[in-house]
Amino acid sequence: MSEYFRNIASSTSTILTGMGITLKHFFNAFKRKGEAGIEESGYFGQVDGLVTLQYPREAIPTPDNARYRLHNDIEDCIGCGQCVRACPIECITMETIKVTKADLETCGKTSGGQQKRFWIPVFDIDIAKCMTCGICVSVCPTACLTHTKVSDFTEFDREHMIYHFGNLSRIEADLMRKKAEEEKKAAPAKPAPKAKPAPKPKPAQQPNASSNNE
Ligand code: SF4
Ligand code: SF4
């Protein structure tokens with residue numbers, strides 16, 4: 001019988017101890033209303049105060065090497081398509097138009113001094129599909145495709161998850177396409193490839209002497 005009452009006392013004591021700790025944290029949280037001091041080093045080492053962040057007012061700073069939302073600095077993109085081919089889930093869509101000789105200067109160069117040879121009316125990334133693996137970024141020869149530190153890109157509309165980076169409007173793209181076609185038509189026809197000399201006829205096989213004897 002005495003053990004029965006000892007167990008009740010022990011349980012009550014345990015509950016009260018737990019409740020005491022919870023209440024202590026609850027009241028300590030009031031002391032830190034306002035800025036949580038997330039930028040302070042040792043924030044996560046603090047045992048008192050808020051136990052959750054008041055998102056989105058407070059957010060954990062993203063580390064410098066974070067791989068989040070993609071960005072294409074289209075002025076440096078040469079339209080090589082390596083990122084498109086490398087993406088394992090095909091979430092990059094790109095369309096290019098060859099720049100005519102007359103427009104090469106207008107199209108300009110990358111910040112690294114490389115002549116751009118393609119207009120890029122469409123460069124879309126479906127960020128809803130993107131798994132931020134970073135493969136496209138690692139293969140980009142001009143380093144124009146980068147991960148930003150933006151980790152929250154929630155949207156109400158699925159269509160808003162497709163980011164557009166193209167550098168031509170539809171009307172401009174139609175014009176450049178027309179120019180490219182005209183240049184192609186005006187180009188002198190390539191000489192037909194020389195016909196390969198006909199292979200020499202193989203010498204007729206001599207009948208096998210041993211088979212004649214049979
Ligand atoms: S990060 Fe990965 S999944 Fe996203 S676009 Fe680049 S290659 Fe594709
Ligand atoms: S790999 Fe880089 S330069 Fe090439 S198309 Fe993609 S973003 Fe542009």
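Colleague: At about what angle to β2 does helix α5 run?

Modeller: Residues are numbered from 1 along each chain as its sequence is written, chains are lettered from A and ligands numbered from 1 in the order in which they are written, and side-chain values use heavy atoms, leaving out hydrogens and water. Helices (H or I, at least four residues) and strands (E, at least two) are DSSP runs, numbered from the N terminus, and angles, from 0 to 180 degrees, are taken between N-to-C directions of axes fitted to C-alpha atoms, for helices over the stretch in contact (heavy atoms within 4.5 Å). Helix α5, residues 170-186, lies across β2 and β3, and its angle to β2 is about 50°.

Colleague: Which strands are the edge strands of the sheet?

Modeller: Two strands pair if DSSP finds at least two bridges between them, and here 3 strands form an open, antiparallel sheet in the order β2-β3-β5. An edge strand pairs on one side only, which leaves β2 (92-98) and β5 (162-164).

Colleague: Which residue in β3 is the bridge partner of I92?

Modeller: Strand β3 covers residues 118-126 and runs antiparallel to β2, with 6 bridges joining the two. The partner of I92 in β3 is I125.

Colleague: Which residues lie nearest the centre of the largest cavity?

Modeller: On a 1 Å grid over the protein atoms alone, a cavity is a set of points where a 1.4 Å probe fits but cannot get out, a pocket is an open set with protein on both sides within 12 Å along at least five of seven lines, and lining residues have an atom within 4 Å of a point. The largest cavity has a lining of 11 nonpolar, 3 polar and no charged residues, where Ala, Val, Leu, Ile, Met, Phe, Trp, Tyr, Cys and Pro count as nonpolar, Asp, Glu, Lys and Arg as charged, and the others, Gly among them, as polar. Of the 14 lining residues, those nearest its centre are C87, C91, C130, C133 and C136.

Colleague: How many charged residues line the largest pocket?

Modeller: Residues lining the largest pocket include K98, K101, R117, E181, E183 and K184, and α5 gives the largest share of that lining, 4 residues. Beside 4 nonpolar residues and 1 polar residue, the number of charged residues is 6.

Colleague: Where does pLDDT stay under 50?

Modeller: The protein chain averages a pLDDT of 85, and 84% of the residues score at least 70. Where pLDDT is low, the predicted coordinates should not be read in detail. The stretch under 50, for which the model has 1 contact beyond four places in sequence, is residues 209-214.

Methods
Predicted model: local features only at pLDDT ≥ 70, side-chain atom pairs only at ≥ 80, totals over all residues. pLDDT = per-residue confidence, 0-100.
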